Amino acid sequence: MDKTSANIDLSRNDFIIQLSASGLLTPEQLDQLLSLHPNDDALGLANSLLSDGTLNEYQFDAIAQGKSAELRLGNYDVIGRIGAGGMGTVFKARHRRMKRIVALKVLSAEFCKDESFISRFEREIETIARLGHPNIVMAYDADEAELGHFLVMEFVDGQDLVAFVAKNSPLSVAQSVDCIVQAARGLAFAHSQGVIHRDIKPANLLRDARGVVKVTDLGLARLTEEFQSSGLRKLTQAGGMMGTVEFMAPEQAIDSTTVDHRADIYSLGATLYFLLTGQPPFTGTTMMSILLKHRDAAIPSLRDSRPDTPLELDEVCQRMMAKAVADRYSSMADVVSALDAILARLGTASTGICSVATPPGSVATESSVVMGNADTQNGHTAKVSPALSVVIVEPSRVQASITRKYLEAQEITVPAVVATGLAAIAAVREHAPDAVVSALHLSDTTGVELAKQIRAEFPNKSPGFVLISSGMEGSDPGSLSRLDHVALLPKPFNTEQLVRSLNVVTGKSVAVKAAVAVAGIAASIVPPQRRDFSTIRVLIVDDSGVARMHERMVLQGLGFALITEATDGAQAIAAATREPFDLIVTDYNMPLMDGYALVSYLKQTSTTAKIPIVMVTTETSPVILDPVRKLGVVAVLDKGFSPAAVKDIVDKLFR
């Protein structure tokens with residue numbers, strides 16, 4: 001960033017004062033800067049800070065304009081401006097100690113002047129902060145600074161659905177339904193906690209770089225309603241008290257204080273219409289004309305504008321937007337079930353936390369990478385010859401030997417086992433395999449770069465890729481999403497998951513003959529037990545590595561072999577999206593999404609509602625545990641996770 005052409009109406013001394021007041025540098029850092037540049041003027045000092053990344057352009061402009069006080073809100077350094085709406089201005093910021101990037105919503109001055117509103121704002125934030133769900137923008141904190149009261153929220157690295165449609169229009173039917181079903185999941189959870197949005201629209205649905213859709217501004221629309229004066233003029237305000245007219249339920253125009261969760265269902269249906277057609281269902285030259293159309297005009301058919309829309313999807317949208325509240329779906333969970341069924345018939349699955357791969361010959365969906373333990377694509381078995389050849393690229397001899405044995409046990413040919421990317425390219429040239437199973441990190445390259453190189457050399461007949469990772473944190477979903485027929489398979493994995501990943505990236509249909517768990521890089525052979533639990537798929541969810549290890553050992557001692565681990569509720573939902581489980585064992589207290597929120601989400605989602613869940617916790621208070629039991633967990637155990645207690649539970653579940 002070169003600011004040498006900019007004008008700074010500050011002396012060196014005034015610039016130093018502003019820089020110090022911003023708090024962006026510690027006193028030690030400021031002293032070091034001045035000692036290294038004793039003769040530089042304000043512009044010279046600024047260029048030094050810009051070139052090494054200490055300042056960005058936004059921060060430079062604020063300091064140059066004498067607005068350094070606006071660069072620090074509480075414990076947060078402001079690093080950019082995201083946008084503004086009826087409630088206030090949203091900034092991108094970074095926590096000074098934790099370095100976590102967040103979004104700060106600073107309330108407009110008109111709100112801050114009203115003490116009763118601030119009191120309600122603080123109470124509402126307590127409610128919103130409990131909405132821990134992967135499809136809801138998290139609210140972390142609320143505080144007050146010189147600029148006013150502000151809300152600290154999860155930063156979503158992406159764009160709202162208005163911008164996404166503008167950039168990618170027309171969206172495919174599958175893309176559109178995927179976005180809406182994710183939003184519906186978040187809203188279903190919010191409704192279960194007694195929170196109604198009242199202003200669902202494309203601008204309040206954010207889509208991140210991985211394709212995850214999150215509902216934002218939950219609870220804030222209701223606060224705006226209470227604060228704004230009555231009358232239709234409030235409808236003109238962005239995110240105003242009664243919603244945005246193009247997406248607003250008919251009953252909201254009459255009395256927004258009495259609407260229930262079905263108003264959100266109507267608005268989400270109108271948003272679905274927008275995603276598929278690029279425009280709201282009703283338009284007009286005046287606000288009143290649009291309101292009257294919501295109340296009286298026939299609901300437009302999606303198929304009139306998008307003939308490729310399935311009839312059943314058109315029917316779902318019509319029911320979501322029914323004029324009479326009683327004619328709509330009775331709950332957002334019912335909307336989720338209806339849309340999940342449509343996605344299944346379309347041959348895809350909701351993105352959630354992960355993206356879905358497209359095998360050769362399939363209709364392409366938005367992304368073409370499987371994040372995690374893959375299953376046969378879209379629930380279908382490709383009718384292709386099951387013969388399969390695989391080149392293994394693995395620097396660890398132990399891991400390479402294990403992987404080879406697993407593949408050969410499935411009668412999969414392994415023509416070559418190599419340790420480097422260069423040797424892998426030579427092996428692909430010589431053997432033309434159907435797939436490559438590679439470690440994500442190699443001595444001379446990465447698995448992602450290797451896939452790119454081979455794609456470039458064999459554009460018409462490139463093998464599928466399964467990249468083995470020791471953890472999701474080492475992957476680059478952005479890079480992977482630009483590659484076709486690539487699956488990322490984190491350790492520990494089992495034979496079934498490996499073979500199914502190969503099926504996904506090649507379009508083959510190799511049947512799994514046996515499944516043996518892999519723990520790290522060593523096979524775990526479970527001794528014979530009185531009962532055979534070796535085919536039961538278990539997900540352990542706990543942020544404590546020690547607790548996960550203990551629970552795994554107890555389960556393995558009982559004969560369980562197919563065990564997957566997750567460190568929090570959000571990661572668990574990602575895993576449950578990728579593959580089916582027969583049993584979930586989860587902690588209660590976790591930092592990002594606790595066990596209560598996880599169980600609530602799973603029980604409201606049609607594909608996971610019937611999975612038995614065991615809660616493991618140090619909590620003993622009935623106030624905490626009774627709501628958990630009401631959600632439908634099969635048992636609540638203490639952290640001792642006694643083998644005898646566990647055996648009694650699983651014997652009853654799987655007898």
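**Notebook: a parallel sheet and some salt bridges**

I started with the sheet: five strands make an open, parallel sheet, ordered β19-β18-β20-β21-β22. I am working from a predicted model here. At the edges I found β19 (562-566) and β22 (635-637), each pairing on one side only. From one strand to the next, the twist averages 20 degrees.

Next I looked at the pairing of β21 (residues 613-616) with β22, which is parallel and runs over three bridges. Val 614 sits opposite Ala 635 of β22.

Then I turned to the helices. I see α20 (residues 545-557) lying across β18 (537-541), β19, β20 (583-587) and β21, at about 170 degrees to β19. Helix α24 (residues 643-653) lies across β20, β21 and β22, at about 165 degrees to β22.

On to charges: how many salt bridges does the structure hold? I noted 21. Among them, Asp 542, Asp 587 and Lys 639 are linked in a network.

I looked up three pairs as well. Arg 262 bridges to Asp 260, with the closest N and O atoms 2.6 Å apart. Arg 262 is partly exposed at 24% relative accessibility, and Asp 260 is partly exposed at 22%.

For Arg 306 and Asp 308, the closest N and O atoms are 2.9 Å apart. Is Arg 306 buried or exposed? Arg 306 counts as buried because its relative accessibility is 11%, under the 20% cut-off. Asp 308 is partly exposed at 46%.

Last, I checked Arg 629 and Asp 626, which meet at 3.6 Å, N to O. They are three residues apart in helix α23 (residues 622-631), so about one helical turn separates them. I have Arg 629 as partly exposed at 43% and Asp 626 as partly exposed at 36%.

Key. Residues numbered from 1 in each chain as written. Predicted model: local features only at pLDDT ≥ 70, side-chain atom pairs only at ≥ 80, totals over all residues. Heavy atoms only, no water. Pairing = 2+ DSSP bridges. Helix = DSSP H or I, 4+ residues; strand = E, 2+ residues; numbered from the N terminus. Axes fitted to C-alpha atoms, helices over the stretch in contact; angles between N-to-C directions. Contact = heavy atoms within 4.5 Å. Salt bridge = Lys/Arg side-chain N within 4 Å of Asp/Glu carboxyl O. Buried < 20%, exposed > 50% of the residue type's maximum accessible area, 1.4 Å probe, protein only.
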